[in-house]
Amino acid sequence: MGRYVVRRLLQVIPVVIGVTFIIFCLVFALPGDPIQALAGDKRADPNIAAILRAHYHLNEPLYQQYWHYISGVFTGDLGETYNGRAISDIVAERFPVTLKLGLTAFAIEAVIGILAGIMSALKKGKFLDNVVLVATLLLISIPVFVLGSVLQLELGVNLKATPVAGIDKGWPQSYILPAIVLASTSMAYIARLVRTSLTESIRADYVRTAIAKGLPRRRVIGLHAMRNSLIPVVTFLGFDLGALMGGAIITERVFNMPGIGGQLAQSVYLRERPIVVGLVTLLVLIYLAANLVVDLMYAVLDPRIRYE
């Protein structure tokens, strides 16, 4: 197991280099002059603009600019904005907001999605199963920004049950409603995935044999069938954890939350190349860490899986 973890960590290096290079090229291809954008509608002073371009290596070829960036990443330096602010400071300021939002949404989708899927599978073809199927279909069909706006109006404005926007009330008051909106689509997918997987496991021969030998049905389903059914769910949750961090852009904009997603959208609009590449690099690292945890969880759920 230890050697497997070390091997996976070594595989992270070429993945980070490849992904960051692609993102760097895409950001580099954005139209416009980022130095001129600092001056707004006014024309930038040519001398100052020349100094800034030299400082940020904008006059150098793409591969040299990337070399300056990636060499800093491996020493823990994500660079600085064109205003001279360290990107690590921006991450320290905004990442806790996105982390709280993402983990809250992750907990909501995992708990409610798995419980709904289990109940649907155990009551397949009955009223409760139909309710879960219809509810999940609606959640999948409704766009996140529409659901967020409706819940803001009904729960925040009309009923005054939750804050409408911002994080002034702290956690959990200011995070519950955005987290529900962020988790809604994934929660529906998880419920359907658990229902399908658990239904197949219940029909398996080993479950029928265990029940025929006299083991309680609840024990067989809860200990054996559920364990095998959770393997695809764990895979989905692992990938979705990274998606929640990066996919919070719309939710943070709707609820006016000062997180990574809002900063990333603003940076793309303002052509702040260092911020875009730095934040995307952080999200890539989160994805890779989540994938490693998922691989290790496989061995916990299924003893037949072993890593040499």
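## Reading a predicted model, feature by feature

Guide: Asp129 and Arg195 join their side chains in a salt bridge, 2.7 Å from N to O. The pair ties together distant parts of the chain, 66 residues apart: Asp129 sits in helix H6 (residues 127–141) and Arg195 in helix H8 (residues 173–202). Helices here are DSSP runs of H or I, at least four residues, numbered from the N terminus.

Visitor: What am I looking at overall?

Guide: This is a predicted model; local features need pLDDT of at least 70, side-chain atom pairs count only at pLDDT 80 or more, and totals for chains, interfaces and linings use all residues. Residues are numbered from 1 along each chain as its sequence is written, and side-chain values use heavy atoms, without hydrogens or water.

Visitor: How many salt bridges does the rule give?

Guide: Side chains of opposite charge can pair when their charged atoms come close. The rule asks for a side-chain nitrogen of Lys or Arg within 4 Å of a carboxyl oxygen of Asp or Glu. The count is two. The Arg85 and Glu93 side chains form a salt bridge at 2.4 Å, N to O.

Visitor: Is Asp129 buried or exposed?

Guide: Buried means under 20% relative accessible area, exposed over 50%, and partly exposed in between, with a 1.4 Å probe and protein chains only. Asp129 has 2%, so Asp129 is buried. Arg195 has 16%, so Arg195 is buried too. Arg85, at 38%, is partly exposed. Glu93, at 47%, is partly exposed.

Visitor: Which residues have the most contacts inside the largest nonpolar core?

Guide: In soluble globular proteins, nonpolar side chains tend to be buried together. A nonpolar core is a set of buried Ala, Val, Leu, Ile, Met, Phe, Trp, Tyr and Cys residues joined through side-chain atoms within 4.5 Å. The largest core here has 25 residues, and those with the most contacts inside it are Tyr69, Leu78, Val91, Phe95, Leu264, Leu279 and Ile286. Several helices supply at least two core residues each, including H1 (2–28) and H5 (87–122). H13 gives the most, with 10 residues.

Visitor: What does UniProt list for "transmembrane region"?

Guide: UniProt positions use the numbering here, feature names are shortened, and annotations may be inferred rather than shown by experiment. The unreviewed entry lists several stretches, among them residues 12–30 and 131–155. Residues 12–30 are 89% helix and 0% strand, with end C-alpha atoms 27 Å apart. Residues 131–155 are 92% helix and 0% strand, with end C-alpha atoms 23 Å apart.
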